[in-house]
Amino acid sequence: PALPLSAYKDFSSFKIYALDCGLLRCLCKLPAEVFLSESSSFTEAKGSIAENYVLQSILPNLECDPYYWVSNGTAEIDFVTQIGMEIYPIEVKAGTNLSGQSLKSYSEKYSPNLMVRIADTDLSLKGNLLSIPLPLAYKMKRYVKEWRSDNDDVCDYMELKR
């Protein structure tokens with residue numbers, strides 16, 4: 001990924017998202033209880049719906065279309081977007097298992113200044129990984145911009161330090 005992201009589109013590869021997560025759940029014939037269940041049998045479906053939810057949440061505030069990144073089929077970053085002159089990888093996690101090699105792979109290859117994980121987690125900044133709770137995904141651009149500024153008070157709920 002390099003600036004501008006749009007110059008590096010791969011038209012042979014794409015993802016399709018629904019306009020509404022509720023409609024997507026119904027189209028998948030998933031009962032609503034799936035989201036309250038810890039069952040691993042619906043992990044992929046929950047992940048797809050969480051990814052769809054995050055896209056709906058962040059898209060209105062983005063400056064360019066989000067893309068995704070795949071490394072030889074071994075690692076995938078759900079969204080890669082450009083905000084100002086920076087490119088940010090965004091990983092979405094539906095469950096409580098936050099481990100994964102995708103952000104690590106991306107980081108080793110491209111050394112981004114900041115990476116974003118949107119998940120069932122607390123708002124935090126550890127190193128160059130900004131973790132954002134799923135319900136606050138719509139504020140991602142604000143958190144990223146505040147991280148880039150000299151303002152230490154990143155959000156209403158806590159103070160993040162670089």
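View 1. Leaving aside neighbours within four places in sequence, Tyr 88 is in contact with Phe 79, Val 80, Thr 81, Ile 83, Leu 114, Val 144 and Arg 148, where contact denotes heavy atoms within 4.5 Å. The structure is a predicted model, in which local features need pLDDT of at least 70 and side-chain atom pairs count only at pLDDT 80 or more, whereas totals for chains, interfaces and linings use all residues. Residues are numbered from 1 along each chain as its sequence is written, and side-chain values use heavy atoms, with hydrogens and water left out. Tyr 88 counts as buried because its relative accessibility is 1%; buried means under 20% relative accessible area, exposed over 50%, and partly exposed in between, with a 1.4 Å probe and protein chains only. Pro 66 lies 22 residues from Tyr 88 along the chain, and their C-alpha atoms are separated by 9.7 Å.

**View 2. The open sheet of six strands.** The strand order is E1-E2-E3-E4-E6-E5, with mixed pairing. Strand E1 (67-71) and strand E5 (124-126) stand at the edges with a single partner strand each, so one side of each has no neighbour in the sheet. On average, neighbouring strands are turned by 30° against each other, direction ignored. Helices (H or I, at least four residues) and strands (E, at least two) are DSSP runs numbered from the N terminus, and two strands pair if DSSP finds at least two bridges between them. Along the sequence, the protein chain follows the pattern α-α-β-β-β-α-β-β-β-α, with four helices and six strands.

View 3. E4 and E6 run parallel and are joined by five bridges; among the paired residues, Met 115 has Leu 129 of E6 as its bridge partner. E5 and E6 (residues 129-133) pair in the antiparallel sense over three bridges, and Leu 125 stands opposite Leu 130 in E6. The hairpin formed by E5 and E6 has two residues between the strands, and Gly 127 in the turn has a positive phi of about 65°. Five of the five residues of E6 are buried. Leu 129, Ser 131 and Pro 133 lie on one side of E6, with Leu 130 and Ile 132 on the other, and both faces are covered.

**View 4. Helices H3 and H4 against the strands.** Helix H3 (residues 102-110) lies across E1, E2 (75-83), E3 (86-92), E4 (115-119) and E6, running at about 60° to E2. Helix H4 (residues 140-148) packs on the sheet and touches E2, E3, E4, E5 and E6, its direction making about 70° with that of E2. Axes are lines fitted to C-alpha atoms, for helices over the stretch in contact, and angles run from 0 to 180 degrees between N-to-C directions. Lys 109 is located in H3 and counts as exposed because its relative accessibility is 55%. Lys 109 and Ser 71 are 38 residues apart in sequence, with a C-alpha to C-alpha distance of 9.7 Å.

**View 5. The nonpolar cores and Met 140.** A nonpolar core is a set of buried Ala, Val, Leu, Ile, Met, Phe, Trp, Tyr and Cys residues joined through side-chain atoms within 4.5 Å. The largest core has 24 residues, and those with the most contacts inside it are Val 54, Ile 118, Leu 130, Ile 132, Met 140 and Val 144. Helix H2 (43-58), E2, E3, E4, E6 and H4 each supply at least two residues of this core. Not counting residues up to four places away in sequence, Met 140 touches Ile 58, Leu 62, Ile 83, Ile 90, Val 116, Ile 118 and Ile 132. A second, separate core of ten residues includes Leu 5, Ala 75, Ile 87 and Met 115.

**View 6. Cys 21 and Cys 26.** Cys 21 counts as buried because its relative accessibility is 16%, while Cys 26, at 44%, counts as partly exposed. A search of the whole structure finds zero disulfides, a disulfide being a pair of cysteine sulfur atoms within 2.5 Å.
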